[in-house]
Each structure stands twice: as structure tokens, then as C-alpha cells.
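Here is a short briefing to read alongside the model.

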There are 2 protein chains.
Amino acid sequence: MTGVVTAQSPWKRAIERGEQRAVKRDAVLRAAAQLFNEFGYHATSLEMVAERLRVTKPTLYYYVRNKEEILFECVRLGLELLREAIAEAAASGGTTVDKLKAAMHEYALIVTRDYGMCLIRVGEDPLAPAGRRELRRLKAELDHEFRALIEQGIAEGELAPCDPKLAAFTLAGALSWIGRWYDPEGPLDAQAVVEQSTAILLRGLLARPHSRHEASAA
Amino acid sequence: MTGVVTAQSPWKRAIERGEQRAVKRDAVLRAAAQLFNEFGYHATSLEMVAERLRVTKPTLYYYVRNKEEILFECVRLGLELLREAIAEAAASGGTTVDKLKAAMHEYALIVTRDYGMCLIRVGEDPLAPAGRRELRRLKAELDHEFRALIEQGIAEGELAPCDPKLAAFTLAGALSWIGRWYDPEGPLDAQAVVEQSTAILLRGLLARPHSRHEASAA
């Protein structure tokens with residue numbers, strides 16, 4: 001996964017030979033994710049993906065089999081990015097609250113970007129049962145990691161007693177929703193949106209007010 | 001709108017003549033909403049709606065023109081229910097925090113039911129531009145009412161200073177998400193889910209801890 005490639009056509013410039021296929025495949029997936037996010041899965045055709053990359057439709061088939069495979073991969077990548085971010089936050093130094101805050105922050109930023117947004121806006125629903133099952137399994141893992149952090153915070157007395165399962169759903173829900181309405185071309189800055197939402201949610205979970213976790217004034 | 005009619009076929013029993021058409025139309029919309037929520041909009045056909053109501057497909061055309069009109073109406077009804085609930089909460093007695101709490105509570109309950117769930121799970125995206133625009137206008141009104149309550153709470157010093165627009169999005173997001181994952185046939189009780197999510201979110205907004213708004217222990 002090369003996180004920095006935008007949907008500009010990589011056919012235009014020379015790329016180190018060995019990485020060429022992976023980079024181009026990522027460009028196909030990313031262009032498709034952007035189109036899915038903008039027009040919806042059903043309204044997006046492979047012709048539109050090819051056009052955005054200024055290649056022919058047959059060229060796409062060198063990298064992907066069909067639209068369903070593209071969606072599966074986009075959603076899988078979105079889930080993978082979230083899983084990595086939460087695992088990294090959980091493994092970092094600091095208190096459980098620091099870890100939870102970092103995990104929430106990364107989660108929210110990821111859903112404002114191509115693959116994360118595709119996970120939220122389209123998701124696994126249009127896929128056949130086998131693909132749906134696989135992606136739901138990954139989602140459940142993710143949910144489990146969030147819940148474990150909350151359970152730990154409650155056990156340590158840092159978070160107020162609550163049902164960790166419902167609290168994890170509430171957090172993931174509020175953060176996921178950002179990916180549903182956030183417009184990368186719009187006037188709001190992703191970072192500001194994420195800071196504010198995370199602050200409100202974290203305050204809601206804390207056992208006692210804690211100045212450094214306070215929501216910042218508008 | 002008759003809120004209590006389930007998707008059992010109303011053709012089976014006698015109904016007061018004058019209301020008959022409205023009741024049957026609502027049954028068509030409600031059955032369709034349930035199918036959209038379960039299988040997705042694109043995978044649901046008018047044949048499936050007819051079958052669930054044990055009528056023929058041509059019978060449906062007496063009440064609705066096509067699948068797109070059905071979705072428009074389901075989403076419009078979902079938005080209308082939310083708008084009514086928030087307006088009612090805002091007009092009720094009590095403090096601004098009481099009103100906000102009541103509005104959040106009702107919002108969350110509505111998205112666990114047929115039309116509210118359809119608004120969240122399917123939404124206006126599959127519709128043609130004119131329908132989409134109309135529904136987005138209704139959504140913006142709803143958002144405005146939530147925001148007004150938050151602004152009032154901040155002005156009164158009951159809520160901590162924050163960006164009311166982002167706070168409204170965070171609330172609506174977390175509450176909407178309940179409609180995305182909540183399974184009416186599942187083991188969780190809607191009321192418990194709603195209580196817990198509302199408590200966490202409200203604590204996150206409050207200017208100071210307030211025992212009667214605390215999240216209840218698990």
C-alpha cells in the first residue's frame with residue numbers, strides 16, 4: 001500500500017519497474033474509491049474509472065477482475081488502515097486515555113480519506129455473501145480492539161463505568177459519520193472536525209473532567 | 001402517517017373505508033422500507049414488496065408509481081419523524097439540556113425503526129437529482145434545529161463551549177449510526193442502546209458533571 005499516490009494517472013510518468021504494477025493497481029483502486037464516494041457504487045462504471053485514469057477499459061483488467069473485486073479491495077484497505085491505526089495507538093506509550101484518544105483521532109482522519117470513506121459510504125453491502133462475510137469479520141476485529149481499550153480504561157478508573165460494547169459502537173458511529181458527510185473540497189478542515197468530535201466523545205467517556213482532555217473552545 | 005401499522009398485510013382485515021387507501025399505502029411503504037433495510041435498495045424489487053404483502057405487483061401501482069417514489073417517501077417520512085421529534089422536544093418544558101436529551105433520545109429511537117432506519121441505511125443517494133435536493137434541504141433543516149439547541153445550551157452556560165455545527169454533526173452521527181448497525185431481531189434492547197449512547201454524548205457536551213445526566217453503570 002502506497003498511501004501517498006493520488007488518483008492522477010501514473011501512466012504518465014516512469015516508475016521503478018518492480019513497483020509499477022502495485023502502484024498502478026493502487027491508482028485503479030483509489031480512482032474507483034473516489035468515484036464510488038462521489039457517485040455511489042451502482043452509478044460508477046469501469047468506463048468512468050478508465051476515463052479518470054486516461055486509459056482504456058481493457059487496461060484495467062490487467063489489475064482487477066471486475067467492479068466487485070475493486071469494492072472488496074477498497075473496503076478491505078479501509079478496514080486495514082483502521083486496524084493498523086488502532087493497533088499502533090494501543091501499542092504506543094502513555095495512558096489508556098492517551099491511547100484511546102490517539103486511536104479515535106486516527107480513525108476519524110482515515111474515514112475522511114479515499115479508502116476509509118469508501119468503507120463508510122459504500123461498505124460491504126453490495127458484495128456477494130462470501131466477500132461480505134470476510135469484511136464483516138475484519139470489522140468485528142476492529143470493534144473488538146476499540147472495546148478492549150475502553151474496558152481497560154474503565155478497569156483503571158480513567159473512564160466512567162459504562163457498557164464497553166455500546167460505548168465502542170457510539171464512538172465508532174460518531175467517528176464513522178464524519179466519513180459520510182465530510183467533503184474534502186468543502187470549507188471545513190478535516191483536522192478541526194476530528195479534534196472537536198474526538199474531544200466531545202472523550203469527555204463523554206472520562207470518569208472525571210481532566211483539563212488536557214477538555215474540548216477546546218470554538 | 002399511522003405509526004403503529006406493521007408490515008402485516010392490511011388486505012386481510014376490514015378497515016374504516018375512508019382511511020383504507022392511506023393505510024394500504026403506508027403498508028406498501030413500510031414493507032418496502034423493511035426490505036430496503038434488510039437487502040439494500042438495489043437488491044429489492046417491487047415483486048418482493050408485493051410478495052411480502054401477499055398482493056400482485058399491479059396492485060402496488062394503485063398506491064405508488066415506482067421504486068424511486070417509494071424510496072423518496074420512506075426517506076421523507078424518516079426525516080419528518082425526526083423533525084417532529086426534535087421540534088416537540090424543543091417545545092417541551094425543562095432546561096435546554098433536558099430538551100437536548102429528549103431530542104437525542106427520540107432521534108436514536110426513530111433510527112431503529114423502519115423509516116428512520118431507511119433514511120440512514122439507504123438515504124437519498126440512489127434518487128435522481130431533484131429528489132436528492134429536496135431531501136437534503138429537509139436534512140439541513142433538521143441539522144439546523146439540533147444546532148440551535150446546542151447554541152442555546154452554550155449561551156446559557158449549561159454546555160461547554162464548542163463549535164455548535166461540529167457538535168451537532170457529532171451527535172447526529174453517533175445517533176444515526178445506531179440505525180446502521182442495530183438489529184431489531186438481535187439480543188440488544190433498543191431502549192438500552194439509546195440510553196447509553198445518549199448519556200455518553202450528553203456528558204461530552206456538558207459544561208460540568210451533573211449527576212442526573214451521568215452515564216448509568218453497566
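B:F169 is buried, as its relative accessible area of 17% is under the 20% cut-off. In this predicted model, the ring of B:F169 has a partner, A:W181, and the two ring centres are 4.1 Å apart. The planes of these two rings meet at 20 degrees, so the pair counts as stacked.

**Rings where the chains meet**

- A:W181 belongs to helix α8 (residues 164-181) of chain A, while B:F169 belongs to helix α8 (residues 164-181) of chain B, so this pair joins two chains.
- One aromatic cluster is made up of A:F169, B:W181 and B:Y182.

**Rings and charges**

- A pair of aromatic rings is described by two things: how far apart the centres are and the angle between the planes.
- Over all chains, the count of aromatic pairs comes to ten.
- One of these is the pair of A:F36 and A:Y41, which is edge-to-face, with 5.1 Å from centre to centre and 65 degrees between the planes.
- Are A:F36 and A:Y41 buried or exposed? A:F36 is buried, with a relative accessible area of 2%, and A:Y41 is buried too, with a value of 9%.
- A:Y41 also has a charged neighbour: A:K67 lies over the face of its ring, at 4.4 Å from the ring centre.
- In chain B, B:K67 lies over the face of B:Y41, at 4.4 Å from the ring centre.

**How the two copies are related**

- Two copies of a chain are related by a rotation about an axis and a shift along that axis.
- Here, a rotation of 180 degrees with 0.0 Å of shift along its axis superposes chain A on chain B, with an RMSD of 0.0 Å.
- This is the relation of a two-fold axis.
- Both copies use the same surface, as 100% of the contact residues of chain A recur in chain B.

**A look at chain A**

- What does the secondary structure of chain A come to? The tally is nine helices and zero strands.
- Along the sequence, the pattern reads α-α-α-α-α-α-α-α-α.
- Of the 218 residues in chain A, 51% are buried.
- Taking the contacts in chain A between residues at least 6 apart in sequence, 68% join residues at least 24 apart.
- Chain A exposes about 10000 Å², and carbon and sulfur atoms supply 51% of that area.

Notes. Residues numbered from 1 in each chain as written. Chains lettered and ligands numbered in written order. Predicted model: local features only at pLDDT ≥ 70, side-chain atom pairs only at ≥ 80, totals over all residues. Heavy atoms only, no water. Phe/Tyr/Trp six-rings, centres within 6.5 Å; stacked < 30°, edge-to-face > 60°. Buried < 20%, exposed > 50% of the residue type's maximum accessible area, 1.4 Å probe, protein only. Helix = DSSP H or I, 4+ residues; strand = E, 2+ residues; numbered from the N terminus. Lys NZ or Arg CZ within 6 Å of the ring centre and 35° of its normal. Least-squares fit on C-alpha atoms with pLDDT ≥ 70 in both. Contact = heavy atoms within 4.5 Å. Areas by Shrake-Rupley, 256 points an atom, 1.4 Å probe, with all protein chains shown as cover.
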